[in-house]
Amino acid sequence: MASQNQQGITKVLSGANASFKDKGKPMELRLSNMVAAKAISDAVRTSLGPRGMDKMIQTAKGEVIVTNDGATILKSVQALHPAAKMLVDLSAAQDVEAGDGTTSVVVLAGSLLGAAEKMLEKGIHPTIVAESFNRASIKAVEYLTEMSTPVDLNDTASLLRAASTSLNSKIVSQYSSTLAPIAVAAVTRLVTPTSSNVDLRDIRIIKRVGGTIENTELVEGVVLNQNVVVSAGGPTRMEKAKIAIIQFQLSAPKPDMDNTVVINDYRLMDKVLKEGRQYILNLCKKIKKTGCNVLLIQKSILRDAVDELALNYLKRLNILVVKDVERDEIDFLSKSLACKPVSDIEAFSEDKLGYADLVEETTVDDIKVVRITGIKNRGRTVCVLATGANQLVVDECERSLHDAFCVVRCLVKKRALIGGGGAPEIHVSRLLSQYAQSLKGMEAYCFQAYADALEVIPTTLAENAGLNPIAIVTELRNRHALGERNAGINVRKGLISNILEEDVVQPLLVTTSAVELSTETVCLLLKIDDYVQAR
């Protein structure tokens with residue numbers, strides 16, 4: 001009789017909807033991973049949106065960073081747990097793919113993990129949860145694409161709205177009217193009619209402390225990070241410039257190894273000095289012979305890139321000198337100035353020079369910069385001069401500009417815009433809930449859980465703005481149910497309004513990328529059932 005009973009029980013539990021009883025260790029490990037990942041998500045959650053809080057970070061060197069950029073915060077976090085590191089990598093992946101939405105992607109992943117945890121508690125197998133979440137994310141991207149509005153790259157107003165929305169959630173939000181046009185102009189200069197992407201390495205941001213953020217400008221021409229060398233009294237302004245970038249040293253040669261030369265006779269000493277002077281003079285004469293009158297010298301580690309004697313000769317030959325150009329700037333400068341870097345004096349010739357109308361060192365508001373204007377055959381590159389009252393502000397200005405560049409780049413990659421303010425998330429959440437009702441079995445539960453998890457974005461926006469999240473999200477759902485699919489949270493006024501009329505828009509790529517990447521990470525964490533440390 002007992003055996004029949006047991007058989008009966010077995011029959012009840014078998015089949016598609018049987019509860020999944022996990023062994024102890026894998027379940028504990030999953031929960032441990034989820035707790036660690038959700039801790040990272042909660043850490044950045046407060047900095048989401050225009051009313052988000054800022055974080056103060058002290059680096060190992062003792063420098064202080066104040067920011068609310070998700071990628072920057074997580075880059076500085078010392079995550080020890082492997083699952084927490086995955087969320088740090090997730091925000092870095094979003095930074096590479098879209099450049100903006102780095103906080104949203106981590107908050108979304110944390111919420112999806114919470115939803116997955118509830119599914120596991122109900123006894124649904126992790127693989128079923130992961131597969132359902134994947135299918136739900138594909139559906140979500142479909143719904144997002146359907147509600148987006150196409151954008152033309154010649155429509156500057158739309159690009160400005162997207163860049164301003166990105167800047168409004170940053171510390172420098174009050175200057176978005178200054179920075180947004182700079183970001184749009186910089187990226188659109190690099191776009192060709194056929195391009196489907198923009199290389200942001202072609203935009204160089206030069207940081208200078210002095211003035212205010214309002215003095216930040218897009219420079220016509222090129223701005224250098226270094227100043228002109230004036231210790232020998234050389235020129236600081238040069239018209240009709242012929243510019244050369246050199247990668248060899250203008251100083252007396254040294255052996256690679258430390259050698260000691262003993263000289264007993266002062267006449268030999270004179271001869272050594274005379275030879276040294278002659279060697280440097282010959283180098284300077286060869287440079288002048290090509291007609292070069294502006295010299296950019298690469299930084300040297302083993303010996304001085306240029307010594308006082310060489311500077312003296314160059315001053316007499318009326319050549320403007322800028323030294324200590326970093327190695328990673330050489331590519332950018334040679335592309336911008338249409339000149340080739342020269343690594344050996346024998347290869348120095350006129351065809352390697354770049355031409356410009358004017359090179360001069362200017363001082364405005366205590367900011368000294370070298371500007372090169374009127375460049376002939378200029379490459380597709382852009383220079384932005386970022387200024388601010390102190391180093392913290394300048395660094396944050398640079399990070400915010402980078403995010404704004406990325407937003408415009410997203411529109412080049414995928415030319416569509418959607419609303420912000422939690423509108424797309426609620427819209428997709430509603431449609432997924434409706435779709436879940438047409439499904440059977442466990443998948444329907446998982447789709448419903450995924451739909452509920454998406455509501456974390458509007459909830460967090462409302463929380464961070466000091467509004468009542470329950471009232472706001474309920475009202476938002478109600479508006480969407482009545483057919484207002486662009487209704488979103490207007491954080492400034494603290495109410496629900498049509499978000500497109502408020503000019504709160506973001507590129508489609510930012511949201512679709514956040515949904516896809518966060519779902520991938522959650523599915524990856526769900527499928528892990530053991531943790532082994534390598535020897």
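Student: At what angle do helix α4 and helix α12 pack?

Tutor: This is a predicted model. Helix α4 covers residues 82–97 and helix α12 covers residues 391–413. Their axes lie 9 Å apart, and the packing angle is about 65°.

Student: How many charged residues are in the contact of α4 with α12?

Tutor: From α4 come Asp95, Val96 and Glu97. They meet His402, Arg409 and Lys413 of α12. By class, there are 1 nonpolar and 1 polar residues, and the charged ones number 4.

Student: Is α6 roughly parallel or roughly antiparallel to α17?

Tutor: Helix α6 spans residues 126–147, and helix α17 spans residues 508–526. Their axes come within 9 Å and cross at roughly 175°. Angles over 145 degrees count as roughly antiparallel. Therefore α6 and α17 are roughly antiparallel.

Student: How many nonpolar residues does the contact of α6 with α17 have?

Tutor: On the α6 side, the residues include Pro126, Val129, Phe133 and Leu144. On the α17 side, they include Leu508, Val515, Cys523 and Leu526. By class, the contact has 1 charged and 6 polar residues, and its nonpolar residues number 12.

Student: Is Thr521 buried or exposed?

Tutor: Thr521 sits in helix α17. Beyond its neighbours within four places in sequence, Thr521 contacts Met86, Leu87 and Leu90. Its relative accessible area is 11%. Buried means under 20%, so Thr521 is buried.

Student: How far apart in space are Lys38 and Gly110, C-alpha to C-alpha?

Tutor: Lys38 lies in helix α2, residues 24–45. In sequence, Lys38 and Gly110 are 72 residues apart. In space, their C-alpha atoms are separated by 4.8 Å.

Student: Which side chain does a polar contact of 2.7 Å join to that of Lys38?

Tutor: Lys38 is partly exposed, at 24% relative accessibility. The polar contact of 2.7 Å goes to the side chain of Glu117.

Student: What is phi of Asp324 near?

Tutor: Asp324 is in strand β9, residues 320–325. Its relative accessibility is 32%, which makes it partly exposed. Asp324 is not a glycine, and its phi is positive, near 65°.

Student: What is the phi of Ala338?

Tutor: Ala338 sits in the loop between α11 and β10. Its relative accessible area of 37% makes it partly exposed. Although Ala338 is not a glycine, its phi is positive, at about 55°.

Note on methods:
Residues are numbered from 1 along each chain as its sequence is written. This is a predicted model: local features need pLDDT of at least 70, side-chain atom pairs count only at pLDDT 80 or more; totals for chains, interfaces and linings use all residues. Side-chain values use heavy atoms; hydrogens and water are left out. Axes are lines fitted to C-alpha atoms, for helices over the stretch in contact, and angles run from 0 to 180 degrees between N-to-C directions. Helices (H or I, at least four residues) and strands (E, at least two) are DSSP runs, numbered from the N terminus. Angles under 35 degrees count as roughly parallel, over 145 as roughly antiparallel, 65 to 115 as roughly perpendicular and the rest as oblique. Contact means heavy atoms within 4.5 Å. Ala, Val, Leu, Ile, Met, Phe, Trp, Tyr, Cys and Pro count as nonpolar, Asp, Glu, Lys and Arg as charged, and the others, Gly among them, as polar. Buried means under 20% relative accessible area, exposed over 50%, partly exposed in between (1.4 Å probe, protein chains only). A polar contact is a pair of N or O atoms within 3.5 Å; within protein, one must be able to donate a hydrogen and the other to accept it, and residues adjacent in sequence count only if both atoms are side-chain atoms.
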